[in-house]
Structures are given as C-alpha cells and as structure tokens.
Amino acid sequence: MFSRREFSGVLLGVGGASLLGCRLDSRSIRIDGVVVQRDVAVVMRDGTRLACDVHRPARSGQVIAGAFPVILERTPYGKHLPSRTERSLAQLDDARSRNEVAAMFVRRGYVVVYQDVRGRYGSEGEFRKYVDDAQDGFDTCAWILEQPWCDGRIGAKGFSYAAHTVGALASAGAPGVAAIYVDSGAFANAYQGGIRQGGAYELKQATWAYRNALVSPEVTQDPKAKQALESVDIHQWFGRMPWQRGDSPLTAAPAYESYMFELWEHGNFDEYWKRPGLYAEGFHDQFPDVPQVHISSWFDPYPQTAVANYLGLSRSKRSPVWLVLGPWTHGNRSHTFAGDVDFGQAATWDGNVSSDYWEFRNRFFDRYLLGKKNGFEREPRVRVFVMGGGTGRKNAAGRMDHGGRWRAAEIWPLPKTAYQEFYLQVHAALAADPPVREGMKRSFEYDPSNPVPSIGGTITSGAPIMVGGAFDQRESPDFFGCKPPYRPLAERPDVLVFQTQPLDAGVEITGPIKVVLWISSDAPDTDFTAKLIDVYPPNEDYTDGYAMNLTDGILRVRYRDSWEHPSLMEPERVYQITISAFPTSNYFATGHRIRLDVSSSNFPHFDLNFNTGEPEGRATHKRVAHNTVYMDSSHPSHVIFPVVQA
C-alpha cells in the first residue's frame, strides 16, 4: 500500500465506491488529478482473484465520469513498486514510481490498470512463470471491457516479464486490445531465445528463480526455508554441476526448484513449448490486427524475439508494426554503454529516436488510442543502432570507445543487405575463398569440468553469477569460472579461433548470423558454440588490442536434424550442423579483424553438456569429449554474414 510518507497530503477515501469488481481490501487514493483504487480484485475463470490498481482521471478530488481508453500492464514485480525500466537520462540511478507513470497517462486522457500476475504480491493463486498469463490476460481484458470507465480500447504495454504478458494475452486473442507496445520480451519462441537456445538451457532461469524464491511467500513465511535459502552459496553450487531435483540451490523452495527443472528437462520442442506465452510465432494469426511496437537491444536476450515478431506480424497484419534495436543491455536504453564498451552519446534512446522514450511511447498510444494526429504513423518502421566507428581508446569513464550511429529504414533486413560466406581455414584464417584441399580439420578436448567462461553477452537476470554486455574476451576475476593467470580466451586449447586479415576497408554486418560446421565427436552428444568478435589492433590503452564480443550462438548436437526428435551421434561420424546466433549490427573499421571463435561451452550463460547423452536436467555423470571441426573442400565450414553494402 502507499504510505503517507510516500505521498504527503494524500487523502484516503471510502474504498470501492466508484469501481466494479470484488475487492482485496481495496481503498482509494487521490493524487493531483488522479484517483487510484488499490487492490481491486478481478476474478479469473477458475475463481482466482488477481489484484489491480486502477488509476482514473479526477478533478477536485472527484473521479471524472465517462469512458476512456485503458493502458494495461501485468507484472510479477509488484504493481505498486517502482520500476527501473522507466528510468531516463535524467534519472539514471533512480527507479520511477509506477504511480508517476500512471499519472502521466491519466492526465493525457487514459485510465491505467496495473495488475499483479497470479501468485505474486496482492494476487491469489500459484505463480507458475509464463504458464497462466495467456488466459489470465484474456480474462483481465474481458473484465476491463465491462467497466463503465473503459471506452472499449485497451493499450497493452510492458517491459521484460510484463512484455511477455502482453505477448501472451495477444497470442490468446484477448478482446479490446487496440495497440501493443512490447519492450524486450513477448517470446516469439522461448525455446530459441529467453529460456533455451539451440537446444541448450539458459541458466539465467536458475539465477532468476533463486533471487525470486528469496522473496516468495513460501520462503518468507517459513523461517526454516528462509534460513536454508539465505545460507546457499550460489557460486559454490554453480561450480559443482550436475544438479538434481532435491539437490540444487533451490531445494529449500520446492515450487521454484520444480519450475527450474521443468524448463530444463523439457529439451524437445514439443507441445509444452508450443503454447501462448511461450510461442508467439505459432499464434501470430490470433494477435489483434493493431499497431504495434517491438523493442530490444543487441546485448539483451530478446533481439531475436523482437525481429521474429516484427517479421511475422508485419507480414500477416495490415496494421503498422515498428522495430527498434539499440546497443544496450536489458532495459538500459538510457545508458551509452553495455558492459565495458561505450557507444557514445547518440547511443541512448533519448539521443536518437525522434523523441525521448516516454514521449515516443506517449505519441504511439495517443495516435492509436486517442486518435491524435501527431504524425507517429510516419516514424520509420525500423531503427537499428550500428555499433562501431569509435577510437578504440579508453574514454573518461575508462570504457572502450567503440562508437556507433543509428540507421532508419522501412524494412528488415536492411536494404542493400547481401549474404556473404566466409570460410574457416585450417591455419586459423577466415576468408571469402572456399578451401581447396582435402583432409583439413582441427580438434580440441571439451571438458565440462573446465568450461569456457561466459564473458558478457546477451545475459539478463544472471546476478550474482553472470553479467551481460560487451567486454574484451579475456579472463578476469570479474567473471565466474575464470582462473589465474587470466589469459585471453583465444589462448585456451578448447577455443578454435578464425579471423580475417586486417581489413582494407570497413565492413558493416547487420542482421542474423549463421555458422555452418562439419563436425564429429567421440561422445554421443556434445555442444558446439560460435561467437562473433570485432578485433581491434593494439593501441596505447589496449597494448594487446581489444577483442569485443558482438553475438554468439550454441547448438546441442542431438538437435542437429530436429528440435522435436533429437538423436544421438555415432562416434567419429561427420555431421553438418548449423548454429544460429542472435542478430547484431556492427561496423568493422579499417584495420580491424572479423573473428569467429568456435568451442563447445559458454558457461554459465548456457548449461553444460556433460557429453553422456543422458536426458537433459537429469545428468548423473560427465566425461571429456574429443571434438573436431572439418574445413576442407568436401566439408567447407563457414559463417554467413549479412553485409550491408555501402
């Protein structure tokens, strides 16, 4: 509940006098032209009551009669709590109150509804991450349409999990939705980005579950469980895989442990994954045909999701769809940097898009819910930030100056994109000419007890184990799993490095990255990873140069032929595989090298393949795999780059 300390001069009124619906201890709060009805209960189809805060226009402390468009956001993080995702350049270190955001919308002519999802904060029921958001979102929209303060139009918005709830209700064909604004979420296919990728499991789901279990009712209301979970050494647990049900860092929180293993053990792309909330691509035909904005960033878990939703919906709907892709980590659109790399002042949202973030979103909803003629329809359909072009030196903040600029277009992939193949060569080269000799190959040992550490990347919710962003690909005590003497990853024997000669002219690569490899192994199953890197030549600040990660991908080889029907390998048999990395955009300047690293682990970003072929999430032991990549005229392993012509 709001306190008088938070809102001095707030008047508490008689709860429920002006709103419909049964209530969870509801009450009214009046704040400068807004009346907030707290904890209004909305009954779902199974009888579970979900708590809403309803913000309505007011004058002189009284609700203004009439019907208005409604802005809806559903969140597991507390409908009454501040949201870091609403920060701007003026508030980099502060989370904005949801009441402040709601008041902004209300004063523009909207009613705003914030809802706690099932089983979180004020809402009843069991929280099952992602699972119930489609039908609960549908039922909430149906309830909103019945209210006298709703004019029949709903704008659904959200960031991260709240964005997933938008994708879920849209996949269910929720009624009344007239505009959709999705920021860094709304799984196009959670099996290929956000929960799993290339068959591997993203261990941010484990760190997310651990942190959220600490504040869950089942733990906070059980002193023994609370003490047990608080005493967990999460770093020690990540160093002693494999885990088992009942023997994991989440054993003291059974519901969260069950959630973590349920996603882990569902390795096959079956009906479990092909449902609303996890697989928007499969339900694009049920999405409302309404204007939509899809946003993500290069060091976020959701650029592939944003692109896939943009492509699928812009092709299947008549209404306009917009795509914005920046250089940030998850939600940090007002930062100029990601990790240890800075992209310049133009990199922030406020520094590029026609208006700051709040104003851009306001103009979108005003145009399509209030009908204002503000010209939003003329905004470029695609905006992407092309990283690169900076000095490569340390800036005043001590970060590497990589630079960059924004591109505007009407289509994705960008106009003048040509897909070019660069071939892996046995002497560590990456070249446009295919290999002409036979028998060329490189081998390495992959030991799951000594995996390649994750140094940045498309990671969120990874604390305190992982951090996302761009970094020099060199081991450091700042990253889990790194050990003295902290050498470059390129010097590890289990990392195969392929790079071009120093470039004679700059090259822009913008779009999806695919790596085609011919491989073999003595194990029944193993992983192969690929990472795209921009290699700077040495300078006074970085005497060994700087190897900046751009994007990466992984393939669990049992899924090489089918996501639905995996098959183990025959020892030493040669297989062709394809690794799909997330899209990126980078300008490789003159004198730089384009580098591709190939290995078999990227931990703890992804779970470890223990090379045994055991069912996923149920491994009992591990072994070393001897893996080989072929690169000859019969097996021309290569990477496909989307090169944007000058």
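Helix axes are lines fitted to C-alpha atoms, for helices over the stretch in contact, and the angle between two of them runs from 0 to 180 degrees between N-to-C directions. This structure is a predicted model. Two packed helices are described by the angle between their axes and the distance between the axes.

**Helices α1 and α10**

- Helix α1 spans residues 98-108, and helix α10 spans residues 357-370.
- They pack at an angle of about 40°, and their axes lie 11 Å apart.
- That angle makes α1 oblique to α10.
- The crossing of α1 and α10 is right-handed.
- On the α1 side, the contact uses Glu100, Val101, Met104, Phe105 and Arg108.
- On the α10 side, it uses Trp358, Glu359, Arg361, Asn362, Phe365, Asp366 and Leu370.
- Sorted by class, this contact of α1 with α10 holds 6 nonpolar, 1 polar and 5 charged residues.

**Helices α2 and α3**

- Helix α2 covers residues 133-146, and helix α3 covers residues 161-171.
- Their axes come within 8 Å and cross at roughly 75°.
- Angles of 65 to 115 degrees count as roughly perpendicular, so α2 is roughly perpendicular to α3.
- From α2, the contact takes in Asp133, Ala134, Gly137, Phe138 and Cys141.
- From α3, the contact takes in Tyr161, Thr165, Ala168 and Leu169.
- The classes in the contact of α2 with α3 are 6 nonpolar, 2 polar and 1 charged.

**The sheet of 3 strands**

- This open sheet has the strand order β14-β15-β17, and its pairing is mixed.
- Strands β14 (337-338) and β17 (400-401) stand at the edges.
- Each edge strand has a single partner strand, so one side of each is left without a neighbour in the sheet.
- Strand β15 (residues 341-342) pairs with β17 in the parallel sense, over 2 bridges.
- Asp342 stands opposite Asp401 in β17.

**The sheet of 4 strands**

- This open sheet runs in the order β22-β27-β24-β25, with antiparallel pairing.
- Its edge strands are β22 (496-499) and β25 (546-556), and each pairs on one side only.
- Neighbouring strands of this sheet are turned by 20° against each other on average, direction ignored.
- Strand β24 (residues 527-536) runs antiparallel to β25, and 10 bridges join the two.
- Tyr536 has Tyr546 in β25 as its bridge partner.

Terms used: Residues numbered from 1 in each chain as written. Predicted model: local features only at pLDDT ≥ 70, side-chain atom pairs only at ≥ 80, totals over all residues. Heavy atoms only, no water. Parallel < 35°, antiparallel > 145°, perpendicular 65-115°, else oblique. Left-handed = near helix turned anticlockwise from the far one by under 90°. Contact = heavy atoms within 4.5 Å. Nonpolar A, V, L, I, M, F, W, Y, C, P; charged D, E, K, R; others polar. Pairing = 2+ DSSP bridges.
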